[in-house]
Amino acid sequence: MHFRRLLVLNAVGLVLLTCWWVPTLDFWAILDSDIFWGFNLLISPLNPHWDTLLGLLNTRAFDACSFLMMAALFTWAMLSDERPYRYRHWLSIGITMLLTAGLISLFVLRVISYEHASPTRMFAHAQHLSELVSFKTKDSASNSFPGDHGLMLMVFASFMLVFAPRRIALWSLAFVVLLSAPRIMVGAHWFSDVYLGSLSIALIALPWVLCTPLARTAASRMERCLARVNQYRPQA
């Protein structure tokens, strides 16, 4: 039980939300606008190679590659574990992580009523990447808050920080930045969708799972259930 760490992380999340909701503070609005236009000005028929690369990074195929990258990190962590029955142990962690991600997604869907459109839909003169490439790519969203893609990356990284070796945990943190960046660069998300919305939810919700015995207890019980299933499985 890391109660002090839980309080600190929750406090940081609440501070993020507070500095966003206070009407007199326009820090996030200015930052969002500056970051969007900084990248949007690079999207142009004069930069076809850049347009193609950015378009590819925002396709469903790249989303699948992102999932495979996380799966590779998860497999690396599992193979680095020298304890007996490591496969069962990490399968239990994976199931616990997926359940946590599902519950957080359900909370966001049912409880958070605030929503806004992506910057490409808010600014009349924004350049749309989908108009410059010959394949289907995502460059806008009717509701981009919070960044669901970034939030799931943060759930994965948080579990790796707790259960995986340090090197793998650091790679998972890098993946949060690298794999969420394309959505921001193309204007499908505001910067604050990920680094305020997703991050504040992660800082408030995940410590109650990972800084308390909840995740370890759930994974341990799952591991025992899997052990019983394996015990009664017919032997060849």
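Is Phe159 buried or exposed? Phe159 is buried, with a relative accessible area of 0%. Buried means under 20% relative accessible area, exposed over 50%, and partly exposed in between (1.4 Å probe, protein chains only).

## The model

This is a predicted model: local features need pLDDT of at least 70, side-chain atom pairs count only at pLDDT 80 or more, and totals for chains, interfaces and linings use all residues. Residues are numbered from 1 along each chain as its sequence is written, and side-chain values use heavy atoms, leaving out hydrogens and water.

## A stacked pair

The whole structure holds 15 aromatic pairs. Rings of Phe, Tyr and Trp (its six-membered ring) pair if their centres lie within 6.5 Å; planes under 30 degrees apart count as stacked, over 60 as edge-to-face and the rest as tilted.

Phe159 and Phe163 are stacked, at 6.0 Å centre to centre with 20° between the planes. Both sit in helix α7 (residues 148-163), 4 residues apart, about one turn. Helices are DSSP runs (H or I, at least four residues), numbered from the N terminus. Phe163 is buried at 16%.

## An edge-to-face pair

Trp171 and Phe175 pair edge-to-face: 6.2 Å centre to centre, 75° between the planes. They lie 4 residues apart in helix α8 (residues 166-186), so about one helical turn separates them. Trp171 is partly exposed at 44%, whereas Phe175 is buried at 12%.

## A cluster and a charge

Ring pairs join Trp20, Trp21, Tyr114 and Phe145 into a cluster.

The charged end of Arg88 sits over the ring of Tyr85, 4.2 Å from its centre. The cut-offs are NZ of Lys or CZ of Arg within 6 Å of the ring centre and within 35 degrees of the ring normal.

Key. Helices (H or I, at least four residues) and strands (E, at least two) are DSSP runs, numbered from the N terminus.
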